[in-house]
Number of protein chains: 2
Amino acid sequence: MPELRKDPVVGRWVVFSPERQIRPERYKCEELLPTRPEDNPFLEGHEAYTPAELYAIRPGGGAANGPGWQLRVVSNRYPALRVEGELEKEAVGFYDRMNGIGAHEVIVETPHPKLVLEKQNLAGVARVFESCRARILDLSRDQRLHYALVFKNHGAMAGATMPHPHTQLIAMPVTPIVLKEKLAAGREYYVEKDRSLFGDILQAERKVGDRVVFENDGFTVFCPFASRFPFETCIMPRQQAADFQSSKDEVLVQLAEAVQRVLQAYAAALNQPSYNLILHNAPFRRSRQPNAWTTIDADFRWHVEILPRLTGVAGFEFGTGFYINPTLPEEAAGILREALTRG
Amino acid sequence: MPELRKDPVVGRWVVFSPERQIRPERYKCEELLPTRPEDNPFLEGHEAYTPAELYAIRPGGGAANGPGWQLRVVSNRYPALRVEGELEKEAVGFYDRMNGIGAHEVIVETPHPKLVLEKQNLAGVARVFESCRARILDLSRDQRLHYALVFKNHGAMAGATMPHPHTQLIAMPVTPIVLKEKLAAGREYYVEKDRSLFGDILQAERKVGDRVVFENDGFTVFCPFASRFPFETCIMPRQQAADFQSSKDEVLVQLAEAVQRVLQAYAAALNQPSYNLILHNAPFRRSRQPNAWTTIDADFRWHVEILPRLTGVAGFEFGTGFYINPTLPEEAAGILREALTRG
């Protein structure tokens with residue numbers, strides 16, 4: 001019998017429909033065509049083919065925009081948003097628009113074109129999150145910007161166009177709808193119960209346990225009760241914190257371990273799936289935004305979502321905002337836990 | 001320079017980023033593998049391979065579940081939701097669930113496996129919408145159900161798994177988030193201005209004209225100001241009506257013409273793209289729902305959206321609820337209008 005489950009944060013119902021289940025090994029894995037080395041701007045020695053670097057880790061020293069780096073952040077060559085110019089907001093007849101001020105950056109995770117996150121050493125994964133922290137701290141000083149989204153599209157089904165391991169950061173002059181919904185739900189819950197919604201979810205998951213995939217001292221990884229996608233995971237910090245960029249080094253290493261374990265479990269259990277990784281973080285300067293989230297430091301908690309792209313987003317999802325998911329999260333978590341023990 | 005535009009109904013910002021533009025002829029067209037006739041349950045003479053028929057058009061008479069039909073509606077063999085049973089809603093610890101009561105039906109548009117909507121005659125397209133009306137009217141009498149979504153996934157990129165032309169209908173015991181947002185925006189606008197938001201959008205589009213693709217006596221087709229996808233279209237009835245199923249025959253023929261013209265323009269201009277078609281309709285028995293939409297007959301208008309799937313949905317979209325669209329709607333509308341004149 002199918003089952004409907006409601007996401008406690010955004011109120012989205014998900015239809016769990018086990019009859020539409022596909023066996024994990026039958027999920028399609030669509031690989032990106034390998035880039036020819038001469039076409040890959042993210043290789044060491046190819047620094048001149050990218051826009052100027054914004055941040056880099058060069059343990060042996062060395063000049064910017066030259067070789068010797070472990071990680072490098074550059075502007076996207078085809079940016080969705082641009083840093084230059086004044087922010088202009090205006091009405092266009094009946095409608096509202098603004099110009100596309102913001103930033104669109106690429107975090108080149110490694111000089112090695114095939115060293116995906118799950119094969120990196122722990123320090124290499126932690127460097128990715130350290131660079132995100134540094135870039136968010138820098139961008140948050142730009143008074144025009146409200147929000148910075150860190151995300152990763154891995155594999156063709158997840159929208160990647162370059163196979164070289166990279167993460168993206170887009171900073172924008174408006175707060176995303178998705179965040180507004182999470183912030184509003186967190187505030188409403190806090191006002192009613194004097195407790196954090198995200199803390200209560202974490203507590204509920206740890207108590208029941210059947211959706212938990214992995215834990216270390218800093219994080220709990222679980223498959224959400226109303227997962228939209230088969231094998232979706234949420235990586236939730238156990239300490240309350242609204243701003244990712246306030247995380248200490250030690251926390252970023254714990255995060256790196258949690259992310260790496262999930263990706264290792266996916267690789268082992270699901271035939272190297274495409275995935276989107278999303279870091280949900282609090283907006284900047286919230287007190288100055290139209291709808292101020294005053295209690296945010298107590299009621300919103302930053303977290304990471306990883307969405308394997310084994311099923312599509314189609315008419316039902318666009319028409320309803322709901323999702324059809326063939327795999328119950330308890331089952332998914334069991335398969336991922338087993339992959340980690342084998343692993 | 002990129003530009004941000006806000007959708008006036010759901011408040012979603014879309015980033016228009018012409019530098020990321022792809023020339024229409026370079027959009028990928030991913031075809032479904034043709035089904036072997038012996039594996040296609042939607043052919044005439046194969047009626048025994050589908051669940052029992054719920055509705056059919058047989059102009060020459062003939063028994064149900066046999067040949068002689070022009071169109072046939074059957075239950076989905078792997079339904080996301082099921083009609084049988086009592087609706088049971090319950091708390092599961094911290095969370096909410098209900099069992100998957102509902103309906104998941106397939107409208108087989110034609111016995112011909114390659115007769116896509118844009119190649120059908122007008123009566124054939126109108127039959128699809130007449131059958132949707134009949135099925136919605138029937139399902140709306142089921143007291144357990146709140147909503148029926150009609151949608152079509154065409155092509156592999158849009159989530160189709162069967163190439164034989166078909167439309168789907170899913171009836172469910174909850175009102176979709178997408179509809180709740182549209183209803184709430186319509187009501188708020190109506191309370192403030194004593195005018196319909198959807199009527200005002202229609203008027204604004206007809207006045208400016210540069211985003212209008214096609215018009216007949218019943219409908220205006222336009223590319224929305226804040227289109228999420230390149231070449232996205234909205235087909236808006238010019239007469240106020242909240243419920244699609246109250247449409248007269250004449251209106252359904254006008255709708256069929258509008259849909260057919262859009263699909264013909266896509267086929268000519270965009271290399272036969274995959275697309276999702278979605279019918280946004282008012283919920284059933286709204287006065288009995290938790291958040292009653294009392295003025296809905298004046299402030300919500302049913303409409304159709306067609307979303308060509310030329311760009312993906314990836315980390316940015318899942319992380320923000322916003323979209324990145326490389327093509328401005330004024331440009332898209334111009335290309336589609338030209339395709340229709342050539343046509």
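In the predicted model, strands β5(B) and β6(B) run antiparallel and are joined by four bridges. Within this pairing, B:Lys89 is placed opposite B:Met98 of β6(B). Both strands belong to an open sheet of five strands with mixed pairing, in the order β15(A)-β2(A)-β1(A)-β6(B)-β5(B).

The contact between the chains draws 57 residues from chain B and 57 residues from chain A. On the side of chain B that touches chain A, the elements giving two or more residues comprise the strands β1 (3-6), β2 (13-16), β6 (95-99), β8 (147-154) and β13 (275-280), together with the helices α2 (177-193), α3 (197-208) and α6 (315-320). By class, the residues on this side of chain B are 32 nonpolar, 14 polar and 11 charged.

The relation between the two copies was examined by superposition. Chain B is brought onto chain A by a rotation of 180° with 0.0 Å of shift along the axis, at an RMSD of 0.0 Å. This is therefore the relation of a two-fold axis. In chain B, the C-alpha of B:Val313 is the one nearest the axis, at 3.9 Å from it. Both copies use the same surface, in that 100% of the contact residues of chain B recur in chain A.

Helix packing was also examined within chain B. The axes of helix α1 (residues 122-139) and helix α4 (residues 249-270) of chain B come within 8 Å and cross at roughly 120°, so α1(B) is oblique to α4(B). The crossing of α1(B) past α4(B) is right-handed. On the α1(B) side, the contact is made by B:Leu122, B:Val125, B:Ala126, B:Phe129, B:Glu130 and B:Arg133. The residues of α4(B) in this contact are B:Leu252, B:Val253, B:Leu255, B:Ala256, B:Glu257, B:Val259 and B:Gln260. The contact of α1(B) with α4(B) has nine nonpolar, one polar and three charged residues.

Technical notes
Residues are numbered from 1 along each chain as its sequence is written. Chains are lettered from A and ligands numbered from 1 in the order in which they are written. This is a predicted model: local features need pLDDT of at least 70, side-chain atom pairs count only at pLDDT 80 or more; totals for chains, interfaces and linings use all residues. Two residues are in contact if their C-beta atoms, placed from the backbone, lie within 7 Å. Ala, Val, Leu, Ile, Met, Phe, Trp, Tyr, Cys and Pro count as nonpolar, Asp, Glu, Lys and Arg as charged, and the others, Gly among them, as polar. Axes are lines fitted to C-alpha atoms, for helices over the stretch in contact, and angles run from 0 to 180 degrees between N-to-C directions. Angles under 35 degrees count as roughly parallel, over 145 as roughly antiparallel, 65 to 115 as roughly perpendicular and the rest as oblique. A crossing is left-handed if the near helix is turned anticlockwise from the far one by less than a right angle, and right-handed if clockwise. Copies are superposed by least squares on the C-alpha atoms of residues with pLDDT of at least 70 in both. Two strands pair if DSSP finds at least two bridges between them.
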